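Reader: I would like to learn how to read the contacts in a model like this one. Please take me through it feature by feature.

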Number of protein chains: 2
Amino acid sequence: MTVSRVLRNRGDVSPTTRQKVLEAARQLGYVPNKIAGALASQRVNLVAVIIPSMSNMVFPEVMTGISRVLEETELQPVVGVTDYLPEKEEKVLYEMLSWRPSGVIIAGLEHSDASRAMLAAAGIPVIEIMDTDGTPVDSAVGISHRRAGREMAKAILAAGYRRIGYMGTRLGLDHRARKRFEGFTEALAKGGVEIEDQEFYTNGSALGKGREMTAAMMARSPELDFLYYSNDMIGAGGLLWMREQGYDVPGAVGMAGFNDVQLLHGLPSKLATMDSCRQEIGRRAAEIILARLNGEDAPSGKVELTPVINPGDTLRAP
Amino acid sequence: MTVSRVLRNRGDVSPTTRQKVLEAARQLGYVPNKIAGALASQRVNLVAVIIPSMSNMVFPEVMTGISRVLEETELQPVVGVTDYLPEKEEKVLYEMLSWRPSGVIIAGLEHSDASRAMLAAAGIPVIEIMDTDGTPVDSAVGISHRRAGREMAKAILAAGYRRIGYMGTRLGLDHRARKRFEGFTEALAKGGVEIEDQEFYTNGSALGKGREMTAAMMARSPELDFLYYSNDMIGAGGLLWMREQGYDVPGAVGMAGFNDVQLLHGLPSKLATMDSCRQEIGRRAAEIILARLNGEDAPSGKVELTPVINPGDTLRAP
DNA sequence: CTGAAAGCGCTAACAG
DNA sequence: CTGTTAGCGCTTTCAG
């Protein structure tokens, strides 16, 4: 009835009636039932955002980008976490899709067949974020991690380092870290260089883990002149340790991480890193969803952003 | 019809029919419409979790606690962020309640009248978390921040420090920081000590902010022999700066923060801090929701956890 | 064990 | 401008 019109400020309603309805609603502490509304209108103002992890430094920034854009609209982000597990991703996706969101923003391009099928069949805009090395179901916004790895390798070689060690999360779980690693080794190979030592970890306090792994690696392979980390947190831990031990960084040993984590900007020494454009990825993804929903023909396909190397204090000038 | 029974494994269905239905569902890529289901059954397996911020180190851990418990049930957490703004909290709450969740977990005890009214009228379990200094709408799980402040003040006095400076977020936005500050000054007053210098900040990179503020304060008030920070991040920044400057910590100047942020465990020197029981808070809150939903008469009222001081390397022994 | 029927609380179209 | 009428896709209840 008219009430519905008032509550949604739709259609023409006389100011008098309008006031009456509004008043009554307030007095009753009325909260509309979106479930019924959604069922009737076949529209849900929710955007499903599916990410591997919450605690990771990368996600909050992506989320900020998404929120910034969505805040000015009716749309609301709803977050689901997969813990990097394909089965869990499938479950979370199923669960979210069963609420018929208006769009999906999902991290990564690697999904189980079932997940891809669901995404393709959902009939809503699907934006895969963070990565562009692969084929998106619909659209993708991110950076090429393979290229990121290559660029870093080139910068390292250009700076004259040759004996390189790598530390990172156990590959396989984290496709983007894996791709960076692949790009990295590939570009090194082109320069005739091979990684001399490597170590992988699964979990633990990142800074502390970085220290431990670095200590172990330098003990094992004292000849190394560069340490490349799959992320800034372990890299920063390693850097702290190296400084304490009195290593000449970046003179004798160079170091680099990945992500350009804001949080670490106050450390005494700044690790070389690469900005992963997290906030912009969030923003762009949300914008594409909006455009699609408005019927505009937004770029279906890939949007590849260009990460920039920040040499910090741990990469000597070429 | 029968299909519904199969998909929910409810009621008696012959294995034959069951198989047929399951097969058909898979082939069609059927994803049930929870909207319709929820409308019909008047039940929604969602728990609204409303928190001030995502990037804050505190939230992910609370979320972990909640997820751990909820994972073994039908219930799913859905997160809303308020940015510490009461108006936004109101909006987010309204939005979430309009989806008729099974329960609400919301940070803090301070809410607008409208928010409290909504929570009270929702007719679902409402758990206010993090804080117990105040009157909950329904139940509360957390620590007493006033007491936390007092305990830290006592420990500082016991260690013999007397000339104390405070740095933290601008009070008023963050009620829990405010309460800690109040408890802190109160206990100091009992010991005949007053804060000699204080500084508040609004935003910025936490470690970096800590450095800046600390530098400014030590320049302004070189007589200080203790620095108390409203959180570990700015405290850690301050500590790094103090070490660089060659201060004798904790000999000449003691320092302490709050939260016991895991992330910082790899720093060269460990700030004295107080564990805020974040994961346990999440766990307990979720458990209460579950118990309530199962009709058990779970503790309505407050559950106060006891934070423990971790002296780290920046608080000398008494 | 399986089918049929009646809504859940709203929106969307259409009459007044 | 305002009321009426059908559903939305499920669950629930009640008969077969």
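Author: We start inside one chain. Across the interface of domain 2 of chain A and domain 3 of chain A, the rule finds three salt bridges. A salt bridge here is a side-chain nitrogen of Lys or Arg within 4 Å of a carboxyl oxygen of Asp or Glu. One pair that meets the rule is Arg147(A) and Glu304(A), at 3.5 Å from N to O.

Reader: What should I know about the model and its numbering?

Author: This is a predicted model, in which local features need pLDDT of at least 70 and side-chain atom pairs count only at pLDDT 80 or more, while totals for chains, interfaces and linings use all residues. Residues are numbered from 1 along each chain as its sequence is written, chains are lettered from A and ligands numbered from 1 in the order in which they are written, and side-chain values use heavy atoms, with hydrogens and water left out.

Reader: Which residues belong to which domain of chain A?

Author: Domain bounds come from an automatic or database domain assignment. For chain A they give domain 1 (1-32), domain 2 (34-143 + 278-304) and domain 3 (145-276).

Reader: How many residues of domain 2 of chain A are in contact with domain 3 of chain A?

Author: Contact means heavy atoms within 4.5 Å. By that rule, 15 residues of domain 2 of chain A touch 17 residues of domain 3 of chain A. Buried area is the accessible area (1.4 Å probe) that two parts lose on being put together, summed over both. Between these two domains of chain A it is about 1,400 Å², and carbon and sulfur atoms give 50% of it. On the side of domain 2 of chain A, Tyr84(A), Ile143(A) and Arg278(A) lose the most area to domain 3 of chain A, together 39% of what that side buries.

Reader: What is the area buried between chain B and chain A?

Author: It is about 3,900 Å², of which carbon and sulfur atoms give 68%. Val31(B), Ile35(B) and Trp99(B) lose the most area of chain B to chain A, together 17% of what that side buries. In contact terms, 43 residues of chain B meet 43 residues of chain A. The copies meet through the same surface, because 100% of the interface residues of chain B are also interface residues in chain A.

Reader: Which residue of chain B does Lys88(A) meet in a salt bridge?

Author: Four salt bridges are found across the interface of chain B and chain A. Lys88(A) pairs with Glu71(B) in a salt bridge, at 2.7 Å from N to O. Lys88(A) lies in helix α5 (residues 86-97) of chain A, where helices are DSSP runs (H or I, at least four residues) numbered from the N terminus.

How values were computed
Helices (H or I, at least four residues) and strands (E, at least two) are DSSP runs, numbered from the N terminus.
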